[in-house]
Amino acid sequence: MAMYLTRFSYTPETWARLIENPEDRRIAARSYIESVGGRLHGFWYAFGEHDGWNLWEAPDNVSMAAVVLAIGAGGALRSSETTVLLGVEDLMEALGKAKAVRYRPPGT
């Protein structure tokens, strides 16, 4: 299964609801990813550009996209970015395949 890192930020309205009714959102996040056969590896809040970070594992990009789309459609997020993470083994394989790619820089 592939690993994914999601950075997200809540809307001000979402923060107001959480202040009024505190909730451990890991429980919800875990249920979303498990519904597509995946697993939540971590959920953190942070200071800075993003309010939080999730580390997920999903069977494939389509499954992860379904989770991200469903969450985004809920309206609680101001922003969300998901990055597919490559393991070292995947990078090593990609480096090997890169040798066969006949790249030509623009204008050359």
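Predicted model: local features only at pLDDT ≥ 70, side-chain atom pairs only at ≥ 80, totals over all residues.
Local features are reported where pLDDT is at least 70, side-chain atom pairs count only at pLDDT 80 or more, and totals for chains, interfaces and linings use all residues. Residues are numbered from 1 along each chain as its sequence is written, and side-chain values use heavy atoms, with hydrogens and water left out.

Side chains of opposite charge can pair when their charged atoms come close. A search of the whole structure finds 4 salt bridges, each defined as a side-chain nitrogen of Lys or Arg within 4 Å of a carboxyl oxygen of Asp or Glu. One of them joins arginine 7 to glutamate 81, with the closest N and O atoms 3.2 Å apart. This pair links distant parts of the chain, as arginine 7 lies in strand 1 (residues 2-10) and glutamate 81 in strand 4 (residues 77-85), 74 residues apart. Strands (E, at least two residues) and helices (H or I, at least four) are DSSP runs numbered from the N terminus. Arginine 7 is buried at 13% relative accessible area, whereas glutamate 81 is partly exposed at 35%. Here buried means under 20% relative accessible area, exposed over 50%, and partly exposed in between, with a 1.4 Å probe and protein chains only.

Aspartate 24 is partly exposed at 33% relative accessibility, as is arginine 26 at 40%.

Helix 2 spans residues 25-34, and its buried residues are Ala28, Ala29 and Ile33. Viewed down the helix axis, these buried residues fall within an arc of 125°, so they line one face of helix 2; the arc is that of the directions from the axis to the C-beta atoms. An α-helix has 3.6 residues a turn, so residues three or four places apart point the same way. The cover over the buried residues of helix 2 includes strand 2 (39-45), strand 3 (52-58) and helix 3 (61-73), where contact means heavy atoms within 4.5 Å.

On the surface, Val88, Leu91, Met92 and Leu95 form a nonpolar patch with about 400 Å² of accessible area together. Such a patch consists of residues with over 30% relative accessible area and no salt bridge, nonpolar side chains (Val, Leu, Ile, Met, Phe, Trp, Tyr) being joined within 5 Å and like charges within 9 Å. Accessible areas come from the Shrake-Rupley method with a 1.4 Å probe, and for residues only the protein chains shown count as cover. Valine 88 belongs to helix 4 (residues 88-98) and is exposed at 60% relative accessibility.
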